[in-house]
Amino acid sequence: MEYRSDRPAIVQSDRTVLLETRHPLFAEARAALSRFCELVKSPEYIHTYRITPLSLWNAAASGVLPEEVLDTLDRYSKYGLPPTLVAEVRDTMRRYGLLRLQQRDGRLLLSGEDGALLGELLRYPSLQRYVQEQLSPTAYAMDGHARGLLKQELLRLGYPVRDLAGYQEGEACPLELKDVTASGLPFRLRDYQQAAVDAFYEGGTEWGGSGVLVLPCGAGKTVIGLAAMSQLKTATLILTTSTTSVRQWKRELLDKTSIDPSLVGEYTGEEKQVKPITIATYQILTHRRRTDDEFPHMRLFHERNWGLIIYDEVHLLPAPVFRVTAGIQAKRRLGLTATLVREDGCAEEVFSLIGPKKYDLPWKELERHGWIAEACCREIRLSIDPLLRQTYAQASPQQKFRIAAENPRKLEVIRKLLKRHHDARVLIIGQYLKQLKQVAGELGVPLITGSVSEQERQSLYQRFRTGELTCLVVSKVANFAVDLPEANVAIQISGTFGSRQEEAQRLGRLLRPKQNVNQAFFYTLVTRDTREQEFAMHRQLFLVEQGYRYEIVEAEAIE
């Protein structure tokens with residue numbers, strides 16, 4: 001096989017791709033590979049990517065062809081492509097849409113051009129139970145209530161079905177986007193926001209109407225949701241992560257659309273309104289008094305004739321909501337997220353029940369056009385007191401992580417960073433309440449945790465927005481859907497083990513475009529040579545795959 005020294009990658013038959021970080025073509029190759037690969041490891045010199053069936057099916061669903069994948073791999077590979085991989089890529093991508101679900105005369109049909117394959121698949125007991133009648137060698141009438149379950153099982157068997165069975169129109173709800181917001185500012189969709197809506201809507205045909213749009217925090221995912229609602233003009237259920245996020249969606253609806261305020265309802269722990277536009281939290285849907293009880297609030301999915309369901313931060317969708325979603329496949333479904341990474345391994349559930357990836361815009365692309373702030377990401381490594389090191393050595397693995405995360409020496413580094421960024425708006429973000437209380441007390445800075453009332457949170461956020469407060473200490477309640485565009489420095493002092501999705505959300509707090517210098521700084525404080533450092537390497541995978549340079553700095557070097 002010919003060796004091409006001017007290429008940056010090695011493509012291997014086990015579906016992994018090794019990419020040299022110091023090669024002049026690294027950034028170009030990374031951007032191309034991210035369309036159909038998953039980043040697995042990102043040490044200093046060689047990054048490892050993996051090509052998976054799901055990554056290829058998501059690529060196929062967003063319009064990428066097998067030959068584009070193979071051309072990209074060949075363009076950057078030092079050794080050309082293993083023949084077995086070429087065949088696997090073509091076969092895997094060919095499977096997407098090989099089978100179709102359609103409606104005919106009120107019946108749900110499963111069809112495919114290869115009758116022998118279809119018959120073989122339907123002999124599996126997990127599918128056979130849903131067969132009602134064979135209509136032809138290439139078409140079967142299926143149980144209409146099993147639309148979601150069929151899609152889940154076919155995906156598990158390696159044949160993701162293309163769902164063209166259409167949607168219920170739902171209750172009408174007139175809604176238009178404004179040209180001028182309620183606050184008096186001119187408003188129109190950015191080009192990429194319109195492109196994302198078009199990719200989801202597909203002209204209102206059965207080819208659209210379900211799928212996931214992947215855009216960075218700060219790119220205006222809420223606005224894209226509003227634009228989808230204005231296209232469909234139907235009753236909409238919006239599911240999101242917190243009461244704070246519910247209020248943010250409501251503010252945006254009233255500011256940027258023509259909707260009558262009386263038609264917008266909140267469904268949370270505080271309010272239980274079911275209106276043509278209803279905004280609810282995942283927490284209330286999954287609330288129950290005892291673990292063996294039913295979920296009483298899941299009835300919300302059937303309280304009105306919804307025409308659209310929006311899943312905000314779809315990568316956090318709880319498992320019980322997946323089960324309900326399997327039964328409402330005739331509703332249009334829009335997933336919004338900054339990352340398709342799920343820590344629970346349920347990415348296949350998102351693909352089959354919410355829909356495939358329909359649009360993906362790289363973070364660095366938005367940064368290049370000034371739509372989000374330019375981010376500088378640094379990991380600051382610090383030592384641990386010798387006596388605490390002895391305690392660490394004798395602790396369990398989980399205790400080790402917490403001891404390292406709560407390293408008291410982090411406070412000294414925080415003070416140095418606050419001195420360096422004395423004119424900035426700073427968020428100090430952490431996981432452990434004891435640590436956060438200590439930091440907030442030592443610095444004399446307000447602390448926001450889950451125990452702080454919604455009214456007090458909003459008051460503190462507003463004081464931060466106006467500049468009355470320049471620093472807040474926040475727990476993970478601020479990970480999601482908190483709109484603080486003025487924040488330009490984040491100091492992450494502890495986190496949820498190796499959570500890539502949390503890294504995405506915390507960086508996202510900083511990325512709203514800035515009025516003067518469009519620059520943000522994201523610091524992560526990590527105790528050197530501990531389990532915290534190991535988990536930090538996994539968290540930073542997200543930053544690296546999005547194209548951010550992740551610089552490692554020793555605490556002693558900070559002045």
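Predicted model: local features only at pLDDT ≥ 70, side-chain atom pairs only at ≥ 80, totals over all residues.
Residues are numbered from 1 along each chain as its sequence is written, and side-chain values use heavy atoms, with hydrogens and water left out.

View 1. Helices (H or I, at least four residues) and strands (E, at least two) are DSSP runs numbered from the N terminus, and two strands pair if DSSP finds at least two bridges between them. Strand E8 covers residues 139-142. Strand E7 (residues 131-136) is joined to E8 by 4 bridges in the antiparallel sense, with Val-131 as the bridge partner of Met-142. Strand E6 (residues 107-112) also pairs with E8 over 4 bridges, again antiparallel, and here Leu-109 stands opposite Ala-141. In a regular strand the side chains alternate between the two faces of the sheet. In E8, Ala-139 and Ala-141 point one way, Tyr-140 and Met-142 the other, and all are buried (buried means under 20% relative accessible area, exposed over 50%, partly exposed in between, with a 1.4 Å probe and protein chains only).

**View 2. Helix H7, a mostly covered helix.** Of the 10 residues in H7 (residues 147-156), 8 are buried. Among them are Arg-147, Lys-151 and Glu-153, as well as Leu-150, Leu-154 and Leu-155. Look just after H7 for Gly-158, which takes a positive phi of about 95°.

**View 3. The parallel sheet from E12 to E16.** Follow the 7 strands of this open sheet in the order E12-E13-E11-E14-E15-E10-E16, with parallel pairing. Strand E12 (264-267) and strand E16 (357-360) are at the edges with a single partner strand each, so one side of each is left without a neighbour in the sheet. From one strand to the next, the twist averages 15° (axes are lines fitted to C-alpha atoms, for helices over the stretch in contact, and angles run from 0 to 180 degrees between N-to-C directions). Strand E11 (residues 236-240) runs parallel to strand E14 (residues 308-311), and 4 bridges join them; Ile-238 has Ile-310 as its bridge partner in E14. Helix H9 (residues 221-232) packs on the sheet and touches E10, E11, E13, E14 and E15, its direction making about 165° with that of E15 (contact means heavy atoms within 4.5 Å). Helix H8 (residues 191-201) lies across E10, E14, E15 and E16, and runs at about 170° to E16.

**View 4. The parallel sheet from E19 to E23.** Here 7 strands form an open sheet in the order E19-E20-E18-E21-E22-E17-E23, and the pairing is parallel. Its edges are strand E19 (447-448) and strand E23 (550-554); each has a single partner strand, so one side of each is left without a neighbour in the sheet. Strand E18 (residues 426-429) pairs with strand E20 (residues 471-474) over 4 parallel bridges, and the bridge partner of Ile-428 is Val-473 in E20. Helix H18 (residues 433-443) packs on this sheet, touching E18, E19 and E20, and its direction makes about 160° with that of E20.

**View 5. Leu-543 and its contacts.** Leu-543 sits in helix H21 and counts as buried, at 0% relative accessibility. Leaving aside residues up to four places away in sequence, Leu-543 touches Cys-377, Glu-503, Leu-507, Phe-522, Tyr-548 and Tyr-550. Leu-543 and Cys-377 are 166 residues apart in sequence, yet 8.1 Å apart in space, C-alpha to C-alpha.

**View 6. The largest cavity.** On a 1 Å grid over the protein atoms alone, a cavity is a set of points where a 1.4 Å probe fits but cannot get out; lining residues have an atom within 4 Å of a point. The largest cavity holds about 90 Å³ of space (grid points are joined across faces, edges and corners, and the volume is the space filled by probe spheres set on the points). It is lined by 13 residues, and the closest to its centre are Ser-494, Gly-495, Thr-524, Glu-532 and Arg-539. Helix H21 gives the most to this lining, with 4 residues.

How values were computed
1 Å grid on protein atoms, 1.4 Å probe; cavity = no way out; pocket = protein on both sides within 12 Å on 5 of 7 lines; lining within 4 Å.
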